[in-house]
Amino acid sequence: MADLFSGATTLLSDSLKANAGKTATYSRGGMSASLTVTMQTPVFEDDTDFGRITSEIKDFIIQADDLIIGGLTVQPERGDTITVSINSEDRVYEVVGLQGEPPWRYSDPYNVMIRVHATRVRVRS
């Protein structure tokens with residue numbers, strides 16, 4: 001049964017990539033990789049001594065096997081960047097952790113898709 005669900009997860013990931021994906025550049029240091037991402041915009045809220053802070057973070061869904069930099073499959077790290085062209089603008093997002101959490105997690109039980117948390121740091125026209 002696990003193989004059936006694993007296959008379905010891979011099929012879903014391939015379908016998302018083909019039908020809702022955007023081409024992006026994932027960069028670390030001086031190296032980069034072109035890959036397809038699916039974008040989501042969750043909203044996070046945190047209660048502090050000064051009130052409630054709401055922050056908008058982009059989540060990028062990436063097929064784990066696509067994240068290859070310098071010939072090696074890697075995992076996302078804080079400080080990496082993801083650049084996506086939206087409405088003729090190159091939007092640059094920096095990979096960040098949320099409220100003490102890691103900057104990424106697997107998005108399914110079979111480790112096919114990675115959910116990467118990032119915040120926009122600049123726009124290039």
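Colleague: Why is E89 called partly exposed?

Modeller: This is a predicted model, and the values I quote are computed from it. The relative accessible area of E89 is 25%. Buried requires a value under 20% and exposed a value over 50%, so E89 falls in between and is called partly exposed.

Colleague: What makes the pairing of R91 with E89 a salt bridge?

Modeller: The closest N and O atoms of R91 and E89 are 3.3 Å apart. The cut-off is 4 Å between a side-chain nitrogen of Lys or Arg and a carboxyl oxygen of Asp or Glu, so the pair qualifies. R91 is itself buried, because its relative accessible area of 17% is under 20%.

Colleague: How many salt bridges are counted by this rule?

Modeller: The count comes to four. One of them joins the side chains of R28 and D80, with 2.7 Å from N to O. R28 belongs to strand β1, residues 22-28, whereas D80 sits in the loop between β7 (72-73) and β8 (81-86), so the pair ties together parts that are 52 residues apart in sequence.

Colleague: Why are R28 and D80 called buried?

Modeller: R28 has 17% relative accessibility, which is under 20%, and therefore counts as buried. D80 has 3% relative accessibility and is therefore buried by that cut-off as well.

Colleague: What makes the pair D59 and R115 a salt bridge, and which parts of the chain does the pair tie together?

Modeller: The N to O distance between the side chains of D59 and R115 is 3.0 Å. This lies within 4 Å, so the pair is a salt bridge. D59 lies in strand β5 (residues 58-63) and R115 in strand β11 (residues 113-124), so parts 56 residues apart in sequence are tied together. Both D59 and R115 are buried.

Colleague: Where is H117 found, and why is H117 called buried?

Modeller: H117 is found in strand β11. Its relative accessibility is 7%, under the 20% cut-off, so H117 counts as buried. Leaving aside neighbours within four places in sequence, H117 is in contact with several residues, including D59, E94, L98 and W104.

Colleague: What makes A24 buried, and which residues does A24 touch?

Modeller: A24, which is found in strand β1, has 2% relative accessibility. That value is under 20%, so A24 counts as buried. Not counting residues up to four places away in sequence, A24 touches A33, S34, L35, V37, I82, T83 and V84. The C-alpha atoms of A24 and I82 are separated by 6.5 Å, although these residues are 58 residues apart along the chain.

Colleague: What share of the contacts joins residues 24 or more positions apart?

Modeller: Among contacts in the chain with a separation of 6 or more, such residues account for 54%.

Conventions
Residues are numbered from 1 along each chain as its sequence is written. This is a predicted model: local features need pLDDT of at least 70, side-chain atom pairs count only at pLDDT 80 or more; totals for chains, interfaces and linings use all residues. Side-chain values use heavy atoms; hydrogens and water are left out. Helices (H or I, at least four residues) and strands (E, at least two) are DSSP runs, numbered from the N terminus. Buried means under 20% relative accessible area, exposed over 50%, partly exposed in between (1.4 Å probe, protein chains only). Contact means heavy atoms within 4.5 Å.
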